[in-house]
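Me: I've just opened this one and could use a quick tour. Can we go through it piece by piece?

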Amino acid sequence: MLSRVANSLYWMVRYIERADNLARLIEVNERVLLDFGSDGREETFWRPIIASTGDEELYFELNPEGLGSVVHFLTSDRRNPNSIASCIAQGRENARMVRDQLSESLWEEINSLYLFVNSDASQRMLQSNRADYFSALRRGTFCFHGIASGTTLRGEAWAFMELGRYLERADKTTRFLDVAHFLPPEYADSSDHWISILKSCGALDAYRSLKPGPVDRSGVAEFLLFEKSFPRSVAYCFDRIDECLHRISGTPRGGYENSAERLAGKLVSELSYGTLEEVMEKGLHAYLDQLQSGINDVGGEVFDTYVLLPDQLETTPAVEVTTVSAVAAWQMEQEQQ
Amino acid sequence: MLSRHLAHAMLKRLEVHARLMFQGYEPGKFYDEMFSSAGEVRTSCSDVLEKFEKMTDDEFERRRAACDEHFLRQGVTFTVYHDDRGTERIFPFDPVPRIIPADEWENLEAGLTQRIIALNLFLHDIYHDQQIVKDGVVPQYHIDGAKHYRPEFRGMDVPGDIYIHICGSDLIRGDDGQFYVLEDNGRCPSGASYLLENRNALKRAFPEIFSGSRVRPVDTYPTELRKMLHHVSPHREGDPVCVLLTPGCYNSAYFEHCYLAREMGIEIVEGRDLVVVDDFVYMRTTKGLVRVDVIYRRIDDDFIDPTVFRKDSVLGVPGLMRAYRAGNVALANAVGTGVADDKVIYRFVPDMIRYYLSQEPILPNVPTYLASEDEDRKFMLDHLPELVVKAANESGGYGMLMGPTATKAELEEFRKRIEADPRNYIGQPVVSLSRCPTSCDGMMAGRHVDLRPYIIYGSEVKIVPGGLTRVALREGSLVVNSSQGGGSKDTWVLRD
């Protein structure tokens, strides 16, 4: 398979997963605000969200007047490369580049998701009935994953798609857990907060069925980090990532052939044998930070191993820095007689 | 009161239903592809016409809409130029086919074959000894002045000695019923996917018009294309690796690139997928580098290798020209073929046929005046309102003056342009393109059409029986380009 195709499939799914996670996070936070935000404390609750997605700086650059535009910034602001609309657009752009690799219905689904987030109808929903917007979006992304899973050959393409999905999901789960770090302590330790985090991960029911009793920081951290049977936990995601990487290279699990596999294997074992005590000793925030850079490193190594191929090339190609729009302009300029 | 209205409305409906689809169709003073005169259907078209007339207007309309929907769902779209948002549109499709009888096609096939052979001999000559210049048939300054001439490639042998592997010649039919070659597109001709998809759409929506119609199939095009690519591979051992090089998904023809690559079963690649190591071209795959033997490129010469041509191009492949010169990779079409489809050089194609093949041209050119020649220029400037003036190196209907419909200001503007840069302009008499019945707002009306067959030059010359018939949907318009409000039709070549 062409490296670029692998890369596009991987990013197509990553962007859809990113949009899905973001939608959950905003939706849950909005509900929390209904309970706690009445006394002008919006800032207390929105700032951690944009801090955890890593876009705080961009937000204040675009909106120096304050936090009034957060929802717009996170949902339909195309100037924010991580907004829901931007993620869906980039996912669809990647799909377009590998159009010949996708099933008809998968292309149609991602295309209609794109048409939805760009439609007047979705803008109206955002104004008047956000719950409908988020639920339409979640349905769309579920549908996308469902069609993908039902129509894609279980070959290399599928492995790269799964890789994208679980790397993104692992990253987002760590970020959800980290929201508490940016909250005032009296709220960060409340069970309300941890319940909302579980809801963001669609994990509340699963959690309750495994862990009776109050919902608290350590319980949620343990569940979302180490619970191997829950499909959004970091441990589950890394088990999948490790499996995908070995499926791609054809080497048995337990060993490694490239640094992507080595790094992923290390994280798998850490998540298998690590304990909550170790996490708390280190501090949850510090632990998550380390985990996030581990996830980034795996992503980087996947890119180097399968897309850049540095082992086989003395020099990487001299692609000069140009903006995307300049490249698009050149592509359009190519005369087709 | 009410009942009278109702009765009136019902009567009107009956009238609509009773009117036959082609009844009252007016062929006008043009050559009509279906009617020899008002009410007189050409014999090759009578079967299909009868079948259409069995449909009600509503049914016809419903099926036409089904074609459009098919194109939209499949993503058979093109991107509009000069639009930052990359808006995608479907290419309007008209279900009434354009029909070419067997004997006419036979003549076209012979004429186009003769032409592509002469063009390839010309390109070989121009990039080697330039005998045709020495013998005074084509003046040196026309060659040197052609924008797409690449003198740096003189002396280089290309794989298989083929330059134009795929040619999309534009043909028009005049009032006299004669086909003329309007231009030879020998760089990156596009539209072949529409030729195939139009046939698919029509078969799906109007299957019954095909029964007993003796239409020759067109679906061998991708196979012929692949055969040609294999033929020009510089490496004899094993199965050659062929790829289609696309500028990327923002290009107006991106759909076509995906479509053809999928149909041929070859990879579609962008410049960044390819890398040159030790003068061989490789593609980067997840299993490492894989050597590429043949590139069907849909990128202009200027962008294909930033180390040789445009330095800032990220669409191309650094070092590709080195590999090409070393004979390690074949390009279809070759670099520098644009000199042959320059509109000034076009004027000399009939002379080339006589010069290289000692034959008379089977398909005539449209008479062409060169502004660079004093006498021609004087004629052009004196007769500007009667002529079509074209820039020598533009395509897609850009940089053109339609004398008879131009405003005074436009005429003045072109007068100045011609005087300032005579090498870049040619003039031709207005040929009133033939017309074909076309469904317009629920009525059949005559609209002007052209024809672009696709000629493939590999181990032999192959022309898929058919082509892309483009139709100017605006009443009276002679401009068929998709960028200027054109649509297309399925083209039927009949068996004997």
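Me: Where is B:Asn333 found?

Reply: This is a predicted model, to start with. In it, B:Asn333 sits in the loop between strand S14 (330-332) and helix H12 (343-346) of chain B.

Me: What kind of peptide bond joins B:Ala332 and B:Asn333?

Reply: A cis one. Its omega is about -5 degrees.

Me: OK, what about B:Arg214? What is its phi?

Reply: Positive, about 60 degrees, although B:Arg214 is not a glycine. This residue is in the loop between helix H7 (192-205) and helix H8 (221-231) of chain B. B:Arg214 is partly exposed, with 14 other C-beta atoms within 10 Å.

Me: And B:Ser358, buried or exposed?

Reply: Exposed. B:Ser358 has 7 other C-beta atoms within 10 Å, and 12 or fewer counts as exposed. B:Ser358 also has a positive phi, about 50 degrees, and is not a glycine. Its loop runs between helix H13 (349-357) and strand S15 (369-370) of chain B.

Me: One more in chain B. How far apart are B:Gln130 and B:Glu183?

Reply: In sequence, 53 residues. In space, 23 Å from C-alpha to C-alpha. B:Gln130 belongs to the loop between helix H4 (102-126) and helix H5 (131-134) of chain B.

Me: Switching to chain A. How many helices and strands does it have?

Reply: Chain A has 18 helices and zero strands. The C-alpha trace spans about 65 × 50 × 35 Å along its principal axes.

Me: What does the radius of gyration of chain A agree with?

Reply: With a compact globule. For 337 residues, such a globule would have a value near 20 Å, and chain A has 21 Å.

Me: How much of chain A is buried?

Reply: 44% of its 337 residues count as buried. Also, take the contacts in chain A with a separation of 6 or more: residues 24 or more positions apart account for 66% of them.

Me: Now a helix. Why is H11(A) called largely enclosed?

Reply: Because seven of its ten residues are buried. Among them are A:Trp194, A:Ile197 and A:Leu198. The buried residues of H11(A) pack against H1, helix H9 (156-178), helix H10 (185-188), helix H12 (204-210) and helix H13 (217-226) of chain A.

Me: What follows H11(A)?

Reply: A:Gly202, with a positive phi near 60 degrees.

Me: At what angle do H1(A) and H11(A) pack?

Reply: About 150 degrees, with their axes 9 Å apart. Angles over 145 degrees count as roughly antiparallel, so that is how these two helices run. H1(A) passes H11(A) in a right-handed crossing.

Me: Which residues meet there?

Reply: From H1(A), A:Arg24, A:Leu25, A:Val28 and A:Val32. From H11(A), A:Ser196, A:Lys199 and A:Ser200. By class, that contact has three nonpolar, two polar and two charged residues.

Me: Last pair: how do H9(A) and H17(A) cross?

Reply: At roughly 165 degrees, and their axes come within 9 Å. That makes H9(A) roughly antiparallel to H17(A). The crossing of H9(A) past H17(A) is left-handed.

Me: Which residues make that contact?

Reply: H9(A) supplies residues including A:Leu163, A:Leu167 and A:Ala170. H17(A) supplies others, including A:Leu288, A:Leu291 and A:Ile295. By class, the contact has ten nonpolar, four polar and two charged residues.

Methods:
Residues are numbered from 1 along each chain as its sequence is written. Chains are lettered from A and ligands numbered from 1 in the order in which they are written. This is a predicted model: local features need pLDDT of at least 70, side-chain atom pairs count only at pLDDT 80 or more; totals for chains, interfaces and linings use all residues. Helices (H or I, at least four residues) and strands (E, at least two) are DSSP runs, numbered from the N terminus. The radius of gyration is taken over C-alpha atoms; the globule rule is 2.2 Å times the number of residues to the power 0.38. A residue is buried if 20 or more other C-beta atoms lie within 10 Å of its own, exposed if 12 or fewer, and partly exposed in between; C-beta atoms are placed from the backbone. Two residues are in contact if their C-beta atoms, placed from the backbone, lie within 7 Å. Axes are lines fitted to C-alpha atoms, for helices over the stretch in contact, and angles run from 0 to 180 degrees between N-to-C directions. Angles under 35 degrees count as roughly parallel, over 145 as roughly antiparallel, 65 to 115 as roughly perpendicular and the rest as oblique. A crossing is left-handed if the near helix is turned anticlockwise from the far one by less than a right angle, and right-handed if clockwise. Ala, Val, Leu, Ile, Met, Phe, Trp, Tyr, Cys and Pro count as nonpolar, Asp, Glu, Lys and Arg as charged, and the others, Gly among them, as polar.
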